[in-house]
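Biologist: I've got a structure here and a few things I'd like to ask. Shall we look at it together?

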Amino acid sequence: MTRWTRVTMSVIFWAFVVYLFVPLVLMILMGFKDSKFIGFPIRSWTLEWYVDVFRDTEVLGVFLYSAAIALASTAISLVIGTWCAVLIGPRRFVGRAALFALVCLPAVIPGIISAIALRIYARLLEIEPGMLAIVLGHAVHNVPFVALVVLARLATLPASHVEAARDLGADEIVAFFRVTVPYLRPALIGASVFCMLLSFDDFIRSFFLGGYQPTLPVLIFAKLRSGMSPEINAISTVVLVLTAVLGLWAERSSRRLARTKPSGAA
Amino acid sequence: MSGAAERAVARASADGRRSRWGSLLGSGLYGRLDAALAVSPTRRFALLAAVPVLWVLIAHVGPIVQMLHVSFLDAYPPSVGQVPAYTFENWTSFFGERIFIMPFLRTLVFATTLTFATLVITYPVAYFLARHVKRENQMLLLLLLLIPFWVGEIVRTFAIMILLGNTGAVNLLLSWAGLVERPIPFMYTRFSLGIGIVYLTSLYMLLPLYSALEKLPSSYAEAAADLGAGAWTRFRRVTLPLTREGIASGCTLVFLISTGYYATPVLLGGPSTTVFAETVAGFFHVAGDQWPVGAAFSCIMLMTTLALAGIFIRLMGRGGTGLLK
């Protein structure tokens, strides 16, 4: 590798970082602009938009609604996804590859099609558009991610751990809860935060499966369509900070846990 | 109760403290339940497999099958007292209408172009990260790249709107530099939509590329160098072929994801960039009673995208289940 290519590569890398961050930084800056009009230049600054957002009970309600949906759908996908991984991971059976493909199916269907299929299906099951429909829709979409993360961690669990538990008198269920689940913990933490973020950020499924009450992305979309205002910047910035903090925390804790040796984790 | 459970209980009692789990194993109800439900290995397996199989059939396959079913109906949701008849019209109406075929082709061309663009942009980024950064710093930089991707589709689309608007940062810079007198209308064009989609999807390309490059031992390139290969030859003959798995999965993901965006084309695109997602969504929002047409169009799009992705993966020379050992 010549010096020249090395320099070029690092320039490309940092340019990419700038490309990722500049739009978000600009968006955050605009939230402090003392004008209804979004755009440069910014002549005076204000916190007024944030005060408005925190006073606005509608925004708070929408936020709590989205958070509740994220929690509920994550709980479902965590249980089902782990269950699928535990079935598929260590066993060999007829139709295993087919089952694995079907578990992953929702992850490869383009968003709009998934949303429409779920909307039609909700009508068949007579689930009204609203919270239940969104929760189930998000759960379906997130199951593959949980299953993949748990499968990866499960592959590193030494079979001897479970066998030792069995020798000590635990049956399969007790061995699962006392050996396998603690070992999977970093994967489970990582997967659940990832699911919460996916659900909280999801627009397309919430848009098609929702009733009159919007989720946060649907609300921002609606506001954007009726015109940009710094209020949207303030809401978006709050969301950005929250998701970044949650993501960083999850990344840190699941990495720290994953570093513990198998003997320590079990 | 099984012998094993009895032993566990005995041990727990001998310790003088019956643990929660010990008492579970020792309880008569649990023993009876266990004996009734899990008599044979087959029975145990059936119990374990029931939930995933049922979930997958009902929740993953069900919606697609029902969408296919509705696409052949003449009316859906059914009105009271009316039995829907089967028809092929929803499917045939797609062919022969320019306003349907154009967005469809545009979506495919767009997604393909953007997938290629994302690959070209992120490959050097992933290469730099995996081969030039010290191992202990790699995770930190990867985390830095991850942060923007935890922020949702809508917020990031909005951020691009601010960047590219007529009073946006790019136009501000250009006019400061004296390059333009009037702002360039970036927004609501193919350009703004492209920038936005690449912004949203690049991580799905970056991560598979990074993990493929990171696994590649540097000794391979060194061996090629010893045999006299120049930098470009080493890249083309060694690095690129050995990371094709990462390229294949990254491209497939980005292609499938970018065809599925709806809000981003609505917000960043204009009349000349209508994508198929907008066409399909129109049957559900504007005209409520055209669900069957929307379902048929969704099926056409789903089959086309999955077929293209499948062909692509085949061409790259990998069977599907690489994740499953």
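Predicted model: local features only at pLDDT ≥ 70, side-chain atom pairs only at ≥ 80, totals over all residues.

Biologist: Into which domains is chain B divided, and how many Å separate their centres?

Modeller: Chain B splits into domain 1, covering 3–70, and domain 2, covering 89–315. Taking the centres of these two domains of chain B over C-alpha atoms, the separation is 44 Å.

Biologist: In chain B, where is confidence lowest?

Modeller: As a whole, chain B has a mean pLDDT of 83, and 90% of its residues reach 70 or more. Among its helices, α14 (residues 263–268) of chain B has the highest confidence, at 92, while the lowest, a mean of 54, belongs to helix α1 (residues 3–14) of chain B.

Biologist: Are α10(B) and α13(B) roughly parallel or roughly antiparallel to each other?

Modeller: The axes of α10 (residues 190–215) and α13 (residues 244–259) of chain B come within 8 Å and cross at roughly 160 degrees. Angles over 145 count as roughly antiparallel. So α10(B) and α13(B) are roughly antiparallel.

Biologist: How do the residues of the contact of α10(B) with α13(B) divide by class?

Modeller: On the α10(B) side, the contact includes Ile197(B), Tyr204(B) and Leu209(B), and on the α13(B) side it includes Glu245(B), Leu253(B) and Ile257(B). Sorted by class, the residues of this contact between α10(B) and α13(B) come out as ten nonpolar, six polar and one charged.

Biologist: Over in chain A, is the crossing of α4(A) and α6(A) left-handed or right-handed?

Modeller: Helices α4 (residues 96–108) and α6 (residues 131–154) of chain A have axes 7 Å apart and pack at about 120 degrees. That angle makes α4(A) oblique to α6(A). As for the hand, α4(A) passes α6(A) in a crossing that is left-handed.

Biologist: Which residues of α4(A) meet α6(A)?

Modeller: On the α6(A) side, the partners include Val140(A), His141(A) and Phe145(A). The contact of α4(A) with α6(A) has nine nonpolar residues, one polar and no charged. From α4(A) itself come Val103(A), Cys104(A), Pro106(A) and Ala107(A).

Biologist: Last one: which helix gives the most to the side of chain A that touches chain B?

Modeller: The contact takes 73 residues from chain A and 80 from chain B. By class, the chain A side has 57 nonpolar, nine polar and seven charged residues. With 16 residues, the one giving the most to that side is helix α1 (residues 3–30) of chain A.

Key: Residues numbered from 1 in each chain as written. Chains lettered and ligands numbered in written order. Domains from an automatic or database assignment. Axes fitted to C-alpha atoms, helices over the stretch in contact; angles between N-to-C directions. Helix = DSSP H or I, 4+ residues; strand = E, 2+ residues; numbered from the N terminus. Parallel < 35°, antiparallel > 145°, perpendicular 65-115°, else oblique. Contact = placed C-beta atoms within 7 Å. Nonpolar A, V, L, I, M, F, W, Y, C, P; charged D, E, K, R; others polar. pLDDT = per-residue confidence, 0-100. Left-handed = near helix turned anticlockwise from the far one by under 90°.
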